[in-house]
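Hi everyone, thanks for coming along. Today I'd like to walk you through one protein, step by step. Have a look at it first, and then we'll start.

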Amino acid sequence: LVQILSKEVSMPSSGAAPKKERRYIAPYYTYAAALAVLFLFSVVLFGFFFGQGEETPVRKIMPPPPYFATESSRTLAIREQDRTLFMRLMSDSAREFEQTGTLKRIVIKIDRNGKEVFGQTSDFFNLYRITPVGELSTLLESPSMPFFFYTGREARFGFAARVQNPDRVLRDFIQWEPLLPIAFRPFFFDEKPEGLIAPFQDRSYRNIDWRYIKLSEEEDLGIGYALFPAKNLLVVTTSKETMETVINRLFENR
C-alpha cells in the first residue's frame, strides 16, 4: 500500500488542466480505499487474536428432580459400562460419614459416546447386573433415584422409580420375591445378611402397605418394597427404618 501511494504522489505534475484535476482526485480515492482495506484488515486481526481465547460455552445438564426431600446429594460421573468405577464409588458413598437420619441422593451421570446423560433405570440395573422378572423392565420408568439412609453406625441403601401400572408392578415383585435376596445382594455392601429369617410379610405404615423380609435377627436389615399410590412411585429399601423415613418424606412433599 505504501508503494502504491508513493507512486501516486510522485506522478508528474505537467500536462493539461484535466490531467492536473485527476492528479488531485485520484489520490483521494486511493487513500479512501487504502483506509478501508486497513480497517478490514485490522478487524480480521482483532477477531483472530482475541477470538482464540473464547471457548464455546458448555451446556450444563440439570439432574432430574428428586422424588422426595434429601439432606445431601452426590453425583457419580462414570463412563458407559464402567461397572468397576461405579461399584467403587457406590461403596465409597456407603462408607461416608453422615449425621444420623440423613438421606443422601445419588445422581449417576454417564459419559455416553462423548455426551453426558443421567443414568436411567435400565442403566442402574445393568450396572448392578440385575435382570428384573416379568414386565418390570418396561413398567419401571426412568430415571431411578438411588439413595442412602444413614443411621449413625451404618448406611442403608434404597432406590425409587416411577411406575406405569402399579398393580402389574406389584404382581411382578411378588413373583420376584424368592430371588430378591440374591438379586439385591449388592445393595448390602459390607453387611452380610444371615439368610431367610422368615418369608416376605405384609406391613403397613401411615396407611401405606408394603412388603418386607427380615435378613438379620439383631440388626435392622432386610428387603422392603412399597408402592406409593399418590405418585405411582416404587420404593425399595434395605431396612424397616429406611422405608418408614421415605414414606414420611413422601407425605411431607404432597
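**A walk through the fold**

Let's begin with contacts, meaning heavy atoms within 4.5 Å. Among contacts in this protein between residues at least 6 apart in sequence, 59% join residues at least 24 apart.

A quick word on where this comes from. This is a predicted model, in which local features need pLDDT of at least 70 and side-chain atom pairs count only at pLDDT 80 or more, while totals for chains, interfaces and linings use all residues. Residues are numbered from 1 along each chain as its sequence is written, and side-chain values use heavy atoms, with hydrogens and water left out.

Now the overall picture. The secondary structure comes to 8 helices and 9 strands; these are DSSP runs, with helices being H or I of at least four residues and strands E of at least two, numbered from the N terminus. Of the 254 residues, 38% count as buried. Buried means under 20% relative accessible area, exposed over 50%, and partly exposed in between, using a 1.4 Å probe and protein chains only.

Let's go inside. A nonpolar core is a set of buried Ala, Val, Leu, Ile, Met, Phe, Trp, Tyr and Cys residues joined through side-chain atoms within 4.5 Å. Which residues touch the most other members of the largest one? They are Phe173 and Phe184, in a core of 40 residues. Helix H3, residues 83–95, gives the most to this core, with 4 residues. Leaving out residues up to four places away in sequence, Phe184 touches Ile130, Phe159, Trp176, Ile223 and Val236. There is also a second, separate core of 19 residues, and Leu103, Phe228, Val246 and Ile247 are among them. As a general point, nonpolar side chains tend to be buried together in soluble globular proteins.

Phe173 brings us to helix H6, residues 166–176, where Val169, Asp172, Phe173 and Trp176 are buried. Why are they on the same side of H6? Because they cover an arc of only 100° around the axis, taking the directions from the helix axis to the C-beta atoms. The face turned away from that buried side carries the exposed residues Asp167 and Gln175. Covering the buried residues of H6 are, among others, helix H5 (136–139), helix H7 (180–183), strand S8 (222–228) and strand S9 (233–237).

Next, a hairpin. Strand S6 covers residues 201–205, and 5 bridges join S6 to strand S7, residues 208–214, with the two running antiparallel. Strands pair if DSSP finds at least two bridges between them. Ser204 has Asp209 in S7 as its bridge partner. Gln201 lies in S6 and is partly exposed, with a relative accessible area of 38%. Leaving aside neighbours within four places in sequence, Gln201 is in contact with Trp210, Arg211 and Tyr212.

The hairpin has 2 residues between its strands, and Arg206 takes a positive phi near 55°. Asn207, in the loop between S6 and S7, has a positive phi of about 65° although it is not a glycine. Is Asn207 buried or exposed? At 76% relative accessibility, Asn207 counts as exposed.

One last stop: a cis peptide bond joins Ser142 and Pro143, with omega about -5°. Pro143 sits in the loop between H5 and strand S4 (145–150). For background, most residues other than glycine have a negative phi, and most peptide bonds are trans.
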